[in-house]
Amino acid sequence: MATNAVKSKKSTPSFDKTSARIWFYSLLLTLQYGAQPLISKRFIRREVIVTSSVLTCEIAKVICALFFMTKDGTLKKVYNEWTLVGALTASGLPAAIYALQNSLLQISYKNLDSLTFSMLNQTKIFFTAFFTYFIMRQKQSIQQIGALFLLIIAAVLLSIGEGSSKGTSSADAEQILFYGIIPVLVASVLSGLASSLCQWASQVKKHSSYLMTVEMSFVGCLCLLLSTSKSPDGEAIRQHGFFYGWTPLTLIPVIFNALGGILVGLVTSHAGGVRKGFVIVSALLVTAMMQFIFEGKPPSLYCLVALPIVVCSISIYQKYPYQVKKKEL
């Protein structure tokens, strides 16, 4: 009994330290999620070539991940155990998908207000659930299915509100739809697919979050570089230069986004999906608050109606997971 008491006392500080670390990562990711759309709109000029900002962000992720692996002493072990086939199997396809998703998000940032972007971006939870079931056969509870339908309703409300509130000209409405709403929704589909593939890879390959970040960023950079041979962005880079439209302030959202990618892996590995769900809900509130404070622009009526629906749907989805029945055991 005395020995157990001693062990309990010794383990308490370690538990408290882990809990504090989880809260710290979650708080940072909440702020990053919530502030990213606003910061990107403010510091990335419309002239900036999307591929240049995405490539720079991926390079920043690699540098940050290598730094943290060096700091925690896992870099040498990862280097000795790393294989090309294993890396391509675990990270190749998700990396290519995420690279395309990031490009679509960059386009959407410039054509939607921050709150609408953040809320539409949450539909990736629905697509993550869909692809997780399709790939991993992970079932959903009735409450979770209901929450996903609520999320779809909110997305429809936002689409209607955004299309009707940004002016009356058909040109503006078409630009918002094709360069704002559709890109972020397609990016959500891609995010759900890539997230499910990463879950499969982590369970099979047991990759650390830092290693996955390095591999996926590297592959993503290769895909983007190959795409520049024929893409409009590639032509723009050859004509105007890689850093066309950049200012020193452009580095702020780029590095901010890179650190967010690191934090996503840390929160998921340390706390799991439930804590990440709370982060997503909190980030919506952060975006709304920051948009009102810094832009002086209150959300539209459709956003006000959709916001509690999004919050409720995500909260229900996280609170009522699927329970395995005795017959299934």
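Why are arginine 238 and glutamate 235 separated by about one helical turn? The legends below take up this question and others for a predicted model.

Figure 1. When contacts between residues at least 6 apart in sequence are considered, 90% of them join residues at least 24 apart.

**Figure 2. Close-up of the salt bridge between arginine 238 and glutamate 235.** The two side chains meet at 3.4 Å, N to O. Arginine 238 and glutamate 235 are separated by about one helical turn because they stand 3 residues apart in helix α10, which covers residues 232-240. Glutamate 235 has a relative accessibility of 44% and therefore counts as partly exposed. This pair belongs to a set of 3 salt bridges that a search of the whole structure finds.

**Figure 3. Close-up of the salt bridge between glutamate 58 and lysine 61.** The distance from N to O in this salt bridge is 3.6 Å. Both residues belong to helix α2, where they are 3 residues apart and therefore separated by about one helical turn. Glutamate 58 counts as buried, because its relative accessibility is 6%, and lysine 61, at 13% relative accessibility, likewise counts as buried; the cut-off for this class is a relative accessible area under 20%.

**Figure 4. Close-up of the salt bridge between glutamate 47 and arginine 45.** In this pair the closest N and O atoms are 3.5 Å apart. Glutamate 47 is partly exposed, its relative accessible area being 39%, and arginine 45, with a relative accessibility of 41%, also counts as partly exposed.

**Figure 5. Close-up of the second largest pocket and its lining.** The volume of this pocket is about 380 Å³. Its lining is made up of 19 residues, of which Trp82, Leu211, Val214, Glu215 and Phe218 are the closest to the centre of the pocket. Four helices, namely α2 (50-72), α3 (75-81), α4 (84-109) and α9 (209-227), each supply at least two residues of the lining. Helix α9 gives the most to the lining of the second largest pocket, contributing 8 residues.

**Figure 6. Close-up of the largest cavity and the residues that line it.** The structure holds 2 cavities of 30 Å³ or more, and the volume of the largest cavity is about 40 Å³. The lining of the largest cavity consists of Gln36, Ser40, Ile44, Ser53, Cys57, Gln106, Pro253, Val254 and Asn257. At least two of the lining residues come from each of α1, α2 and α11 (251-295), and the largest share, 3 residues, comes from α11.

**Figure 7. Close-up of threonine 30 and the residues that it touches.** Threonine 30 has its place in helix α1, which covers residues 2-43, and with a relative accessibility of 10% threonine 30 counts as buried. When residues up to four places away in sequence are not counted, threonine 30 touches Val279, Ser282, Ala283 and Val286.

Figure 8. Isoleucine 59 lies in helix α2 and is partly exposed, with a relative accessible area of 47%.

**Figure 9. Close-up of a nonpolar patch on the surface.** The patch is formed by Leu177, Phe178, Tyr179, Ile182 and Val186, which together have about 450 Å² of accessible area. Among these residues, isoleucine 182 lies in helix α8, a helix that covers residues 170-205. The relative accessibility of isoleucine 182 is 35%, so this residue counts as partly exposed; a place in such a patch calls for a relative accessible area over 30%.

Methods. Residues numbered from 1 in each chain as written. Predicted model: local features only at pLDDT ≥ 70, side-chain atom pairs only at ≥ 80, totals over all residues. Heavy atoms only, no water. Patch = residues over 30% accessible without salt bridge, like charges linked within 9 Å, V, L, I, M, F, W, Y side chains within 5 Å. Areas by Shrake-Rupley, 256 points an atom, 1.4 Å probe, with all protein chains shown as cover. Salt bridge = Lys/Arg side-chain N within 4 Å of Asp/Glu carboxyl O. Buried < 20%, exposed > 50% of the residue type's maximum accessible area, 1.4 Å probe, protein only. Contact = heavy atoms within 4.5 Å. 1 Å grid on protein atoms, 1.4 Å probe; cavity = no way out; pocket = protein on both sides within 12 Å on 5 of 7 lines; lining within 4 Å. Points joined across faces, edges and corners; volume = space filled by probe spheres on them.
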